[in-house]
Amino acid sequence: MRAEVIVLCLYFIGMVGMGLYWNKRAKSSEDYMLGGRSMGPLVTALTLQTTAMSGFMFMGGPAEAFSLGYFAIFYAVGDGAGGMINLTVLGRRMRRLSQLLDAISPIEYLEKRYESVPVKVIACVIAVFGLGCYVLAQFLATGNTLLTLFGFPLEVALVVGVGVILIYTFLGGYFAVAYTDVIQGFIMIGSIILVFVKVMYDLGGFTGLNEKLAEIDPTLLSVWGRDGAYEGQFGVIAGAVGIYLIGYMGLPHSVNKHMAMGSPKTAKASVIYATIWTQLFCFIPYFLGLAGCVMFTANPEGLIDGNPELVIPSLTQIEFPGVVSGLMLCAIMSAIMSTVAALMLLIATIVSIDFYKRWLRKDASDRSVVFVSKGSIIAVAVIGVIIAIINPPGIFNLVVDTFSFMGCAFLPSYVFAVWWKKANATGSIVSMIVGGATVQVWSLGGLDTVTGLHQFFIGALLSFIAMIIFSNFGKPTSPEMKDLIERAKGKKITVSKKVQVASSKHLSTENKAITQFVFSKKMAMEPQA
């Protein structure tokens, strides 16, 4: 049996073992969906970044660089700082506010922050649709990876790969997802650096790479893309940078990581870990795509199936046949599995918490909520595999379109939730609709080439404008919610008695302690009968 096959099989067995181990630790719905809000800085940073990177970084990103040249690096520029921006802007405040609101899912968080059921309904629809498309992209990456290794038909490859992901997510919940992400994060960074160093050495460094690209087509070195495809279109460049620079703050499966942190202070150390990891990782896949353009233009039969999305697996098989090639395939599977697991778990959380417990059975027990969550995971896996087999789209376009759709829909609602007390339900609803609809219109109509504006750039811009304008209409933010937002800043302030009483039964132990302190003082001051 080939060495890479053995390595990947051992990796799959290890991931299933992690699911079995953590299955015993998930005692409640909060454990299963948020890891008991106990994640430390390293786990938070790596689960955030590995979830964000996905199979796109090993397949979609390199394929874009292979086709367009240095223009694709703009996506890496934003990605390199995206994790830091996400944790810095939202980290501590969202962690505090989500616990004060007793919110388990990022959609439930929006409902309670904006004090509106319509916000939740619209957010649920957008999230389930967007997350489902994102899962589909990862399933396709899974199928292509196993197709590369085993030569299986796409149908068989999808069933095998998705089956492994399904098992450990189904069994272990957030604990299994988070701690396997840590292992996967180290596999991803180590293997891709090894391949990058070897490939660049063979090409003579960046000087050799650039000289060879110029021989193929000088426009590959241009920031405007091959043949000047985006010449003068600064709006497209701004969108390419911005989609990963700020877009993560609009993705439910990314902001969900803030809610699972052990404490708000975790965000500080997580920023350091996340920044180091992204600087080492984010640019390399694109440079490998450029290297693949050089190596496979001269040797086209070396590119598996002639598919640019298989540049990195092809380079690895050439440079490191055997065990190292197996490790790289494990790294690709790590990127895919970390994202798919988080996406399926979040969809399950939305279905079980935001639909089942909120609408169908308000008195549902923890056991029944977890049961519905696990059923949802299976349903998502089955539907995703069927769609991937029947009509598989391209990974790059699917990821960028879905990322833009969810990012533009949710970005203002999550950011303003903790930074602007005036932001209300009307603003949130309109911004979600405007942001998501704009991206769909731009994507379906191909308006980026017509207008010179990237779909994320125009979608995010209009979404923020909608939030600011329409927050002046409708029911204003309640004084109680303003108090909670102020508390989320982490400052010591005077909290109204109404807020203390209303939240003492459901919110954090910190809030309960404040209530008890206030009433004990009052009782001590009253004259005894």
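Figure 1. Among contacts between residues at least 6 apart in sequence, 82% join residues at least 24 apart, where contact means heavy atoms within 4.5 Å. The protein chain has 23 helices and zero strands; helices (H or I, at least four residues) and strands (E, at least two) are DSSP runs, numbered from the N terminus. Of the 529 residues in the protein chain, buried ones make up 59%. Buried means under 20% relative accessible area, exposed over 50%, and partly exposed in between, with a 1.4 Å probe and protein chains only. Please keep in mind that this is a predicted model, in which local features need pLDDT of at least 70 and side-chain atom pairs count only at pLDDT 80 or more, while totals for chains, interfaces and linings use all residues. Residues are numbered from 1 along each chain as its sequence is written, and side-chain values use heavy atoms, with hydrogens and water left out.

**Figure 2. Helix α4 meets helix α13.** Two packed helices are described by the angle between their axes and the distance between the axes. Here the axes of α4 (residues 60-68) and α13 (residues 284-298) come within 7 Å and cross at roughly 50 degrees. Axes are lines fitted to C-alpha atoms, for helices over the stretch in contact, and angles run from 0 to 180 degrees between N-to-C directions. The two helices are therefore oblique to each other; angles under 35 degrees count as roughly parallel, over 145 as roughly antiparallel, 65 to 115 as roughly perpendicular and the rest as oblique. From α4, the contact is made by G61, P62, A65 and F66, and from α13 by P285, Y286, G289, L290, G292, C293 and F296. These contact residues divide into eight nonpolar, three polar and no charged. In this grouping, Ala, Val, Leu, Ile, Met, Phe, Trp, Tyr, Cys and Pro count as nonpolar, Asp, Glu, Lys and Arg as charged, and the others, Gly among them, as polar.

**Figure 3. Aromatic pairs.** Rings of Phe, Tyr and Trp (its six-membered ring) pair if their centres lie within 6.5 Å; planes under 30 degrees apart count as stacked, over 60 as edge-to-face and the rest as tilted. By this rule the count comes to 16 aromatic pairs. The rings of F71 and Y75 have centres 6.4 Å apart and planes at 85 degrees, so this pair is edge-to-face. Both F71 and Y75 are buried. F470 and F473 form a tilted pair, 6.1 Å centre to centre with 50 degrees between the planes. F470 is partly exposed, with a relative accessible area of 33%. Ring pairs also link F71, F74, Y75, Y230, Y244 and F403 into a cluster.

**Figure 4. S431 and its neighbours.** You will find S431 in helix α18 (residues 425-445). S431 is buried, with a relative accessible area of 0%. Leaving aside residues up to four places away in sequence, S431 touches C408, A409, P412, S413, S463, A466 and M467.

Figure 5. L345 sits in helix α15 (residues 323-360) and is buried, with a relative accessible area of 4%. L345 and S373 are 28 residues apart in sequence and 7.6 Å apart in space, C-alpha to C-alpha. A364 belongs to the loop between α15 and α16 (366-390). Not counting residues up to four places away in sequence, A364 touches Y356, K357 and V369.
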